[in-house]
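These are my notebook entries on a single model. I took up the sheet, then the helices, then the ligand.

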Amino acid sequence: MNYTIRPTEPGDAAGTAALRRMPGVFETTLGLPSCRSADSVSFLSNLGPNDHHFVAVLEDGTVIGTASLQVCGNPRMRHVGEVGVMVHTDYQNAGVGTALLKTLLDLADNWLMLVRVELTVFADNERAIHLYEKLGFEKEGLKRMTTVRDGKYADEYMMARIRTPQI
Ligand SMILES: CC(C)(COP(=O)(O)OP(=O)(O)OC[C@H]1O[C@@H](n2cnc3c(N)ncnc32)[C@H](O)[C@@H]1OP(=O)(O)O)[C@@H](O)C(=O)NCCC(=O)NCCS
């Protein structure tokens, strides 16, 4: 499979929205089946200097994955960032999520010098937890009944990766 990872562009809004409402993706992210392309247009056009957003795209422009890193705006938390990753159902379990997360961590480690990268993940999302632990994240605690999923309240793990910058 040939795909490229690059920063998100305005023209990726429809493909990004399609992922956010895609069965097999929206349940384990915080998307809804009603996510609109207009929401993604607005989201992408309002990204600021602390927001870093990438897409994985096929040669024909199809968006098969997205990844985001948001650096904390609080001046005393400039060393902290939060990440999120999602991959098109047809392309999951083929290394795309790993490649996207590595792209974010290269940015976090080598260009932003972040110390702490954090995320939340549904407690039963075993594939995602495996991916995060593979790349150095550790579970820090369980948040109980934080979100709604398919008619029930669901728990999430807080996970983080701590890296002391080299001098
Ligand atoms: C979670 C997600 C981002 C991972 O991306 P991906 O491209 O599917 O993942 P990769 O192929 O890069 O890696 C998957 C890894 O999990 C492993 N894996 C697959 N299913 C698994 C399972 N049920 N339990 C444990 N590990 C599993 C694979 O073997 C692989 O590990 P390896 O690289 O050590 O061989 C993607 O599946 C996705 O978007 N899921 C829906 C949305 C989502 O849950 N996003 C994360 C929200 S926190």
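This is a predicted model: local features need pLDDT of at least 70, side-chain atom pairs count only at pLDDT 80 or more; totals for chains, interfaces and linings use all residues.

I took helices (H or I, at least four residues) and strands (E, at least two) as DSSP runs, numbered from the N terminus. I counted two strands as paired if DSSP finds at least two bridges between them. I numbered residues from 1 along each chain as its sequence is written.

**Entry 1: strand pairing**

I looked up E2 (residues 51-58) and E3 (residues 63-71) and found them antiparallel, joined by seven bridges. Asp51 faces Gln70 in E3, and Phe54 stands opposite Ala67 in E3. The hairpin of E2 and E3 has four residues between the strands, and there Gly61 takes a positive phi near 95°. I then turned to E1 and E2, which pair in the antiparallel sense over five bridges. Here Tyr3 stands opposite Leu58 in E2.

**Entry 2: the whole sheet**

I traced an open sheet of seven strands in the order E1-E2-E3-E4-E5-E7-E6, and its pairing is mixed. Strand E1 (3-7) and strand E6 (138-149) are the edge strands, each pairing on one side only. From one strand to the next, the twist averages 20°.

**Entry 3: helices on the sheet**

For the angles I used axes that are lines fitted to C-alpha atoms, for helices over the stretch in contact, with angles from 0 to 180 degrees between N-to-C directions. Helix H1 (residues 13-20) lies across E2, E3 and strand E4 (80-87) and runs at about 90° to E3. Helix H3 (residues 96-111) packs on the sheet, where it touches E1, E2, E3, E4 and strand E5 (116-122). The direction of H3 makes about 25° with that of E3.

**Entry 4: H1 against H2**

I found that the axes of H1 and helix H2 (residues 37-45) come within 8 Å and cross at roughly 120°. The contact is made by Ala13, Ala14, Thr16, Ala17 and Arg20 of H1 with Ser37, Asp39, Ser40, Val41 and Leu44 of H2.

The ligand is surrounded by 21 residues, of which Thr28, Gly97, Thr98, Glu126 and His130 are the closest. E4, H3 and helix H4 (126-134) are the elements that give two or more residues to this shell. Which element gives the most to the shell around the ligand? I noted H4, with six residues.

Technical notes. Two residues are in contact if their C-beta atoms, placed from the backbone, lie within 7 Å. A residue is near a molecule or strand if its C-beta atom, placed from the backbone, lies within 6 Å of it.
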